[in-house]
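User: Hi! Could you walk me through this structure, one question at a time?
Analyst: Happy to. Let's have it in view before we start.

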Amino acid sequence: MAATLQVRVITPERVVFDGEATHVQYPGEDGLYGVLPRHAPMITTVASGVLVVTEPSGNKHRFFVADGFAQVVGGREVRFAVDSGEDEAEIDLARAQEAAERAKERMGRAQAEGFDLVRAEYAMRRAIMRLRTKQRGIN
Amino acid sequence: MVNIRDLKVRIKAVGNIRQITRAMEMVATTKLRRFQTRAEASGPYTNEIERLVKSLAAGVGGGEGSELFEVREKIKSVGVLVIGSDRGLCGAYNTNALIAHRQWEKTQAGREIKRYVIGKKAMGYFARRKLEVAAYFDDPILEVMGYRDAARLSDFFVKEFVEGRIDEMYVVYSAFKSMTRYVPTVFKFLPLGQIEAGAGDGAEGSAAASEQKAAGDLLLLPSPEVIFSQLVPKYLEARMFNALLESLTSEYASRRVSMKNATDAASDMVGDLKRVYNRARQERITKELLEIVGGAEAVSG
């Protein structure tokens with residue numbers, strides 16, 4: 001049996017996932033990262049996007065993650081400390097859609113009415129990524 | 001002689017109060033459990049962030065986050081966030097936090113103090129004493145604050161600090177030690193003291209140390225500076241979130257105890273009143289009997 005990774009996805013509210021994997025793919029700030037067992041020790045930032053955990057059974061588990069850090073320890077453990085993390089099944093499509101529209105509207109009015117443009121953009125990105133996680137679009 | 005009807009009314013009134021306090025005790029117990037679970041659930045995240053900060057602190061000194069570590073030479077104004085409750089009937093919870101605040105304030109002689117307040121009760125205290133409050137955070141209320149709200153709060157103070165409106169920042173909160181022990185605590189939020197790399201005791205310390213040893217070939221992407229500059233605010237956010245959750249847990253623990261005491265006191269009172277009532281009733285019956293006997297004797301005699 002090939003080596004596996006111990007993956008933990010941790011948010012301030014709870015531990016979202018704790019299990020074995022043969023491969024992990026997640027969104028870094030400068031592109032997608034892929035981690036296999038025996039990866040070198042590493043710490044990176046995590047942007048908002050889709051985290052794909054390939055379990056030993058070959059089953060691909062998808063999560064939405066946003067803003068945080070990933071740490072590879074000893075080539076056998078990957079820990080995510082992220083602001084938000086949700087299992088694909090938990091994502092509320094309607095809510096994400098609503099959030100996307102609200103963010104869009106705020107971005108439009110940002111200049112005129114002093115809404116925080118950066119915050120609106122982040123909200124927008126989070127909403128879009130939630131939708132992507134759910135709809136199994138582009139990774 | 002005691003008025004029997006008045007006694008009856010009082011017994012009923014105290015009994016009603018007992019029902020209310022018992023219900024409040026039960027509500028507090030449920031909420032306490034909920035907040036305690038939340039506080040525990042945030043533990044792994046806080047540990048993780050702390051571990052990251054520690055394993056990075058040694059390797060990266062400079063970077064953008066470093067001004068948050070800098071101790072300023074002249075401290076003109078200090079900020080303090082006081083976390084109180086929105087509702088009363090929670091024993092000495094607010095009083096204790098405010099005493100801690102007052103004692104802290106005594107150590108800040110000669111400095112301008114900017115007070116930031118959470119909780120209606122704490123706000124009321126400052127208003128009564130006519131002490132100026134720089135900002136009162138009541139939206140959202142403490143009870144429904146999530147991590148994002150804590151993060152926003154933390155970022156607000158970071159901004160105040162970075163832009164020079166405050167030179168130091170403190171937080172007064174109630175640390176939750178156990179169901180019966182909650183300690184009002186003041187801690188320095190900003191600037192961050194030196195975070196010792198690999199510090200701490202026992203397994204945690206040695207784990208951090210061994211991670212540190214490997215730091216030579218530790219990949220840091222996109223760059224150590226970027227990671228550090230993002231990690232430090234997260235660290236502060238996590239601390240803020242933790243302070244809010246612990247205060248909330250303490251509040252409900254305190255409320256539960258005080259409501260339990262109130263219920264017990266009401267029970268005692270009902271017991272005492274019942275005894276007085278029964279004696280008074282017995283006395284009246286005896287007196288009436290004597291009167292009847294006396295009257296009968298007078299007639300027959």
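**Two chains, step by step**

Analyst: Read along the sequence, chain A follows the pattern β-β-β-β-β-β-β-β-α-α. Please keep in mind that this is a predicted model.

User: How many helices and strands are there in chain A?
Analyst: The pattern along the sequence of chain A is β-β-β-β-β-β-β-β-α-α. Counting its elements gives two helices and eight strands.

User: Which residue of chain A has a positive phi although it is not a glycine, and where does it lie?
Analyst: The place to look is the loop between β4 (31-35) and β5 (42-46) of chain A.

User: How much area do chain A and chain B bury between them?
Analyst: The contact draws 28 residues from chain A and 28 residues from chain B. Carbon and sulfur atoms account for 60% of the buried area. The total that the two chains bury between them is about 2400 Å².

User: And which residues of chain A lose the most area to chain B?
Analyst: Three residues stand out on that side, together making up 28% of what it buries. They are Pro12(A), Ile43(A) and Phe69(A).

User: Moving to chain B, what is the strand order of the open sheet?
Analyst: The sheet has five strands with mixed pairing. Its edge strands, each pairing on one side only, are β3 (135-137) and β5 (181-190) of chain B. From one strand to the next, the twist averages 25°. The order in chain B is β3-β2-β1-β4-β5.

User: Which residue of β3(B) is the bridge partner of Val117(B)?
Analyst: Strand β2 of chain B, residues 112-118, pairs with β3(B) in the parallel sense over three bridges. The bridge partner of Val117(B) in β3(B) is Tyr136(B).

User: At what angle does α4(B) run to β2(B)?
Analyst: Helix α4(B) lies across β1 (77-83), β2 and β3 of chain B. Its angle to β2(B) is about 145°.

User: Are α3(B) and α4(B) roughly parallel or oblique to each other?
Analyst: Helix α3 (residues 93-106) and helix α4 (residues 120-128) of chain B pack at about 50°, with their axes 10 Å apart. Only angles under 35 degrees count as roughly parallel, and 65 to 115 as roughly perpendicular. The two helices, α3(B) and α4(B), are therefore oblique.

User: Which residues of α4(B) make the contact with α3(B)?
Analyst: From α3(B), the contact uses Asn94(B), Leu98(B), His101(B) and Arg102(B). By class, the residues of the contact of α3(B) with α4(B) are four nonpolar, two polar and two charged. Those from α4(B) are Lys121(B), Ala122(B), Tyr125(B) and Phe126(B).

User: Why are α2(B) and α7(B) oblique to each other?
Analyst: Helix α2 (residues 43-57) and helix α7 (residues 224-300) of chain B pack at about 140°, with their axes 10 Å apart. An angle must be over 145 degrees to count as roughly antiparallel. The pair α2(B) and α7(B) is therefore oblique.

User: Is the crossing of α2(B) and α7(B) left-handed or right-handed?
Analyst: In this contact, residues of α2(B) including Ile49(B), Leu52(B) and Val53(B) meet residues of α7(B) including Phe228(B) and Leu231(B). The contact of α2(B) with α7(B) has 11 nonpolar, one polar and two charged residues. Helix α2(B) passes α7(B) in a crossing that is left-handed.

User: Which residue does a cis peptide bond join to Leu190(B)?
Analyst: Omega for this bond is about -10°.

Technical notes
Residues are numbered from 1 along each chain as its sequence is written. Chains are lettered from A and ligands numbered from 1 in the order in which they are written. This is a predicted model: local features need pLDDT of at least 70, side-chain atom pairs count only at pLDDT 80 or more; totals for chains, interfaces and linings use all residues. Side-chain values use heavy atoms; hydrogens and water are left out. Axes are lines fitted to C-alpha atoms, for helices over the stretch in contact, and angles run from 0 to 180 degrees between N-to-C directions. Helices (H or I, at least four residues) and strands (E, at least two) are DSSP runs, numbered from the N terminus. Contact means heavy atoms within 4.5 Å. Ala, Val, Leu, Ile, Met, Phe, Trp, Tyr, Cys and Pro count as nonpolar, Asp, Glu, Lys and Arg as charged, and the others, Gly among them, as polar. Two strands pair if DSSP finds at least two bridges between them. Buried area is the accessible area (1.4 Å probe) that two parts lose on being put together, summed over both. A crossing is left-handed if the near helix is turned anticlockwise from the far one by less than a right angle, and right-handed if clockwise.
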